[in-house]
Amino acid sequence: MNILTLSWKNLKNKPLNLLLNLVLFALGAGLIILLLLLNHQLDDQLRRNQAGVNMVIGAKGSPLQLVLSSLYHIDSPTGNIPIAKAKPFMRPGHPLIKTAVPLALGDSYEGFRIVGTSPDMLALYHASIAQGQPWQHPFEVVLGSGVARSTGLKLGSRFHSSHGFVLDDNLVHEDADAFLVTGILKQTGSVIDQLLLTSPQSVWEVHGDHGTETAPHDSTAVTHHEGAEAEPEKPLYEYEDKEITSLLIQFKNINAQTLSLPRNINENTDLMAANPAFELDRLFSLVGSGEKTLRAIAVIILIVSALSIFISLYASLKERRYELALMRVMGASPDKLTGLVMLEGLLLAAMGCVFGFMLGHIGMELLSGYLEKTYRYPFTGWLFLPGPELQLLGGGLLIGLIAAFIPSLQARLTDISETLAEN
Amino acid sequence: MLSTNALSFAYPGQPELNFADFECRQGEHWLVLGQSGSGKTTLLHLLAGMLTPTSGSVILAGTNISRLSGKAVDKFRGGHIGIIFQRSHFIKSLSVEENLLLAQQLAGFPIDRSKVSGLLERLNIVHKLKSRPDRLSVGEQQRVAIARSLVNTPKIILADEPTSALDDLNCEYVTQLLEQQAMEMNATLLIVTHDGRLRNRISNQIHLN
C-alpha cells in the first residue's frame with residue numbers, strides 16, 4: 001500500500017471525474033501531437049520536394065501557383081510558355097544556370113500526373129531506375145514507385161492518358177497512341193514517386209490530334225500544333241513552335257546576379273519567374289495562421305483540463321478532509337499528504353498525456369489515408385518526434401503539478417483536531 | 001504511563017480550559033466523564049498530541065509529547081497511540097484490510113497481513129476483510145475502527161465516545177472488546193464519554209466540569 005497505489009485508488013474511486021479529466025487532457029495533448037506530426041511531415045515533404053530548385057519559370061499568373069504546380073504537383077499550372085521565349089534559359093552555356101529541366105504538363109493517368117520532361121528530372125530528385133530503362137522515344141513512360149504500386153502497371157503495360165488532372169473516363173485520349181511502360185523508378189519519398197515521366201514530345205503528340213478543340217481544364221493542357229513530328233535527336237530548345245509548361249532552374253552559384261534574375265524576367269519578358277523558397281515561406285505564413293489557431297485551441301483545452309483537475313482535486317479534498325486528518329493521526333507527516341495530492345495531479349496528467357499521445361498518433365494515422373488521397377503525399381501516424389513529444393510530456397506533467405498545488409497546500413494545512421472534532 | 005501536568009488550553013476567543021492533573025499506569029482502564037462542552041474531546045486531542053497545550057505538559061511513556069515538533073508528534077502518535085473516534089472515518093477508496101495495512105505503514109511498521117486478519121478475527125469481523133468500510137453497519141465500522149487502533153500494538157488506547165452511536169447490545173459488545181483487547185496488549189485504555197451505560201463498568205474515573 002504505497003502512496004502511489006493510494007493516489008490511484010483515490011482517483012479510481014471517482015470514475016466520472018477521472019474520465020472527464022482524462023478525456024479533456026487527452027484531447028488537448030492529442031490535438032497538439034496531431035498538429036506536430038502534420039506540420040512536421042508537411043514541412044518535410046515540401047522542403048524535400050524543393051529538390052534544390054532555385055527558380056521556376058512559367059507563364060504569368062500567381063507565382064505560388066506556379067511553384068505548387070511545377071514543384072509539388074498539387075495545383076493547376078499557370079499556363080504554357082512558347083519554347084522560343086524560354087530558349088535562352090534552356091540552351092547549355094548560360095552563365096548563371098546549371099540545369100534547366102523542362103516540364104510539359106496537362107495529362108494524367110488514374111489521377112497521377114504525366115510529366116513530359118528531360119532525363120535531368122531524375123537527377124534533380126535523386127531518382128534512379130529500379131526496373132527497365134529510361135524513356136527514349138515518344139510514348140515511352142517511366143513510372144514513379146507510388147504510381148506503379150497504386151495502378152498495378154508493369155513493364156510493358158500500355159495505357160491511354162487522360163486529359164487534365166482529374167480522373168474522368170470522358171477525357172481519355174482514346175484516339176491517341178497508347179503509352180508503353182519502359183521503366184519503374186526506385187522509391188525516393190519525394191513527389192516523383194507519384195508521377196509518370198515521359199518526353200515532352202509524347203505530350204505534344206497526344207494533343208496533336210485535337211487541333212484547337214477546347215477541353216475542360218484547357219488552361220492546364222499543353223497546346224499543340226497540327227502535324228508536328230518529333231525528332232528525338234533534335235535538342236528540345238530547337239522546337240521553337242512548341243510550348244512547355246515551366247522550367248525548373250538550378251543556378252551554378254547564388255550571387256547578386258541570380259538574385260536579381262527573377263525580377264529581370266518578370267519585368268522584361270512575358271514569362272514569370274518564381275523563387276520556391278520565398279513562395280514556400282509565404283505559403284507557410286498563410287497556412288501557419290490556421291495552424292496557430294488550432295494550436296491555441298489545443299492550449300486552451302489544456303488550460304481547461306488543468307482547471308478541471310484543480311476543481312476535482314479541490315472538491316474531493318473537501319470531501320476527504322476526515323481522511324486526510326485520519327492519515328495524520330495514523331502517523332503521516334504533512335509532507336506525505338502534500339505528496340499524495342501532488343501525485344494524484346501528476347498521475348492524472350501522466351495518464352492524460354499517454355492517452356493524448358495515443359489519440360494524436362492514431363488520429364494522424366487515420367487522417368493520413370485521407371491526406372494521401374488528396375495530396376498524393378505519403379503521411380503516417382507512426383512517426384515519433386522525441387524532442388517535441390518529450391517537451392509536451394514535461395509540459396503536461398507541469399500542468400498536473402500546478403493544478404494540484406493549491407489542493408496539496410490545503411491538504412497540508414488541514415487542522416486535524418478541528419476536523420476530527422466536527423461531527 | 002500517561003500523566004498530565006497543569007494542562008490548559010484555550011480556543012481563540014474563548015475562556016481557558018484547565019484540566020486537573022491525573023496519572024494512569026500501564027494496563028489501567030479509565031473513564032473521562034463530563035457533559036457536552038466540558039472539554040472532553042479537547043482533552044483527548046491534547047493527550048493524543050493533536051492539539052498543543054497553551055501551558056502544561058502531557059507525558060506519555062516517558063516522552064513529553066507537548067514538546068515534540070509537528071512531524072515528530074505525528075510519528076510518535078502513529079507508533080504509540082491507538083485512537084477511536086466517535087464516528088469512524090476510513091479511507092473510502094480502500095478496503096477494510098487496506099485501511100489497516102495503511103495504518104501499519106503510515107506509522108512506519110512493516111506490513112503484516114496475518115496480524116491484520118488475526119486482529120479482525122478476534123473482533124469477529126474478518127469476513128469483511130475485502131469490503132469497503134462504507135458498506136458496513138455502524139457497529140461493524142466501530143469494530144473495524146477498534147481493530148485499526150490496535151493494529152500497531154499501542155501502549156495507550158484513546159477512545160472518544162466510542163459507544164454513543166450504538167444500541168445497548170452493540171455498546172456492551174464494543175466496550176467488552178475494548179477492555180479485553182487492551183488487557184491482552186497490556187495497554188492503558190482511556191475512554192472519553194458521557195454515556196451513562198459505562199459508568200458502572202470502569203471504576204477509574206476523571207470528572208470534567
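A residue counts as buried when its relative accessible area is under 20%, as exposed when over 50%, and as partly exposed in between. The legends below use these words for a predicted model.

View 1. Because its relative accessibility is 39%, Lys85(A) counts as partly exposed. The side chain of Lys85(A) meets that of Asp270(A) in a salt bridge, at 2.6 Å from N to O. This pair links distant parts of the chain, 185 residues apart: Lys85(A) belongs to helix α4 (residues 83–90), and Asp270(A) to the loop between α8 (256–268) and β13 (271–274). A salt bridge also joins the side chains of Glu240(A) and Lys87(A), with an N to O distance of 2.4 Å. Glu240(A) is partly exposed, with a relative accessible area of 37%, whereas Lys87(A) is buried at 15%. Over all chains, the count comes to 22 salt bridges.

**View 2. Helix α3 of chain A and the residue that follows.** Helix α3 (residues 63–72) of chain A is mostly covered, with 8 of its 10 residues buried. Among the buried residues are Leu64(A), Leu66(A), Val67(A), Leu68(A) and Leu71(A). Ser69(A), Ser70(A) and Tyr72(A) are also buried. After the helix comes His73(A), which has a positive phi near 55 degrees.

**View 3. The two domains of chain A.** The domain assignment divides chain A into domain 1 (3–46 + 290–421) and domain 2 (55–274). The contact between them takes 6 residues from domain 1 and 8 residues from domain 2. The centres of the two domains, taken over C-alpha atoms, are separated by 51 Å. About 650 Å² is buried between the domains, and carbon and sulfur atoms give 55% of that area. On the side of domain 1 that touches domain 2, the residues divide into 4 nonpolar, 1 polar and 1 charged. Across this interface there are 0 salt bridges and 1 residue pair in polar contact.

**View 4. The interface of chain B and chain A.** The contact takes 28 residues from chain B and 25 residues from chain A. The buried area is about 2500 Å², of which carbon and sulfur atoms give 60%. Asp74(B), His89(B) and Leu106(B) lose the most area on the chain B side, together 24% of what that side buries. Between the chains there are 3 salt bridges and 8 residue pairs in polar contact. The side of chain B that touches chain A has at least two residues from each of α1 (40–47), α2 (70–80) and α3 (96–106) of chain B. Its residues divide into 12 nonpolar, 7 polar and 9 charged. Glu98(B) and Lys9(A) meet through their side chains in a salt bridge of 2.2 Å, N to O.

**View 5. His89(B) and its contacts.** His89(B) lies in the loop between β7 (81–84) and α3 of chain B. Its contacts, not counting residues up to four places away in sequence, are Tyr322(A), Leu326(A), Leu420(A) and Arg148(B). His89(B) is buried, with a relative accessible area of 7%.

**View 6. Arg77(B) and Asp74(B) in helix α2 of chain B.** A salt bridge joins Arg77(B) to Asp74(B), the closest N and O atoms being 3.0 Å apart. The two residues are separated by about one helical turn because they are 3 residues apart in helix α2. Arg77(B) is buried at 1% relative accessible area, and Asp74(B) is buried at 0%.

**View 7. Ile157(B) in strand β8 of chain B.** Ile157(B) is found in strand β8 (residues 156–160) and counts as buried at 0% relative accessibility. Beyond four places in sequence, Ile157(B) is in contact with residues including Gly82(B), Ile84(B), Leu178(B), Ala182(B) and Leu190(B). Leu190(B) is 33 residues from Ile157(B) in sequence, with 6.2 Å between their C-alpha atoms.

**View 8. Two loop residues with positive phi.** Most residues other than glycine have a negative phi. His126(A) has a phi near 55 degrees and lies in the loop between α5 (120–124) and β5 (129–132) of chain A. Glu161(B), with a positive phi of about 45 degrees, is in the loop between β8 and α6 (168–185) of chain B. His126(A) is exposed at 72% relative accessible area, whereas Glu161(B) counts as buried at 5%.

Terms used:
Residues are numbered from 1 along each chain as its sequence is written. Chains are lettered from A and ligands numbered from 1 in the order in which they are written. This is a predicted model: local features need pLDDT of at least 70, side-chain atom pairs count only at pLDDT 80 or more; totals for chains, interfaces and linings use all residues. Side-chain values use heavy atoms; hydrogens and water are left out. Domain bounds come from an automatic or database domain assignment. Contact means heavy atoms within 4.5 Å. Buried area is the accessible area (1.4 Å probe) that two parts lose on being put together, summed over both. A salt bridge is a side-chain nitrogen of Lys or Arg within 4 Å of a carboxyl oxygen of Asp or Glu. A polar contact is a pair of N or O atoms within 3.5 Å; within protein, one must be able to donate a hydrogen and the other to accept it, and residues adjacent in sequence count only if both atoms are side-chain atoms. Ala, Val, Leu, Ile, Met, Phe, Trp, Tyr, Cys and Pro count as nonpolar, Asp, Glu, Lys and Arg as charged, and the others, Gly among them, as polar. Helices (H or I, at least four residues) and strands (E, at least two) are DSSP runs, numbered from the N terminus. Buried means under 20% relative accessible area, exposed over 50%, partly exposed in between (1.4 Å probe, protein chains only).
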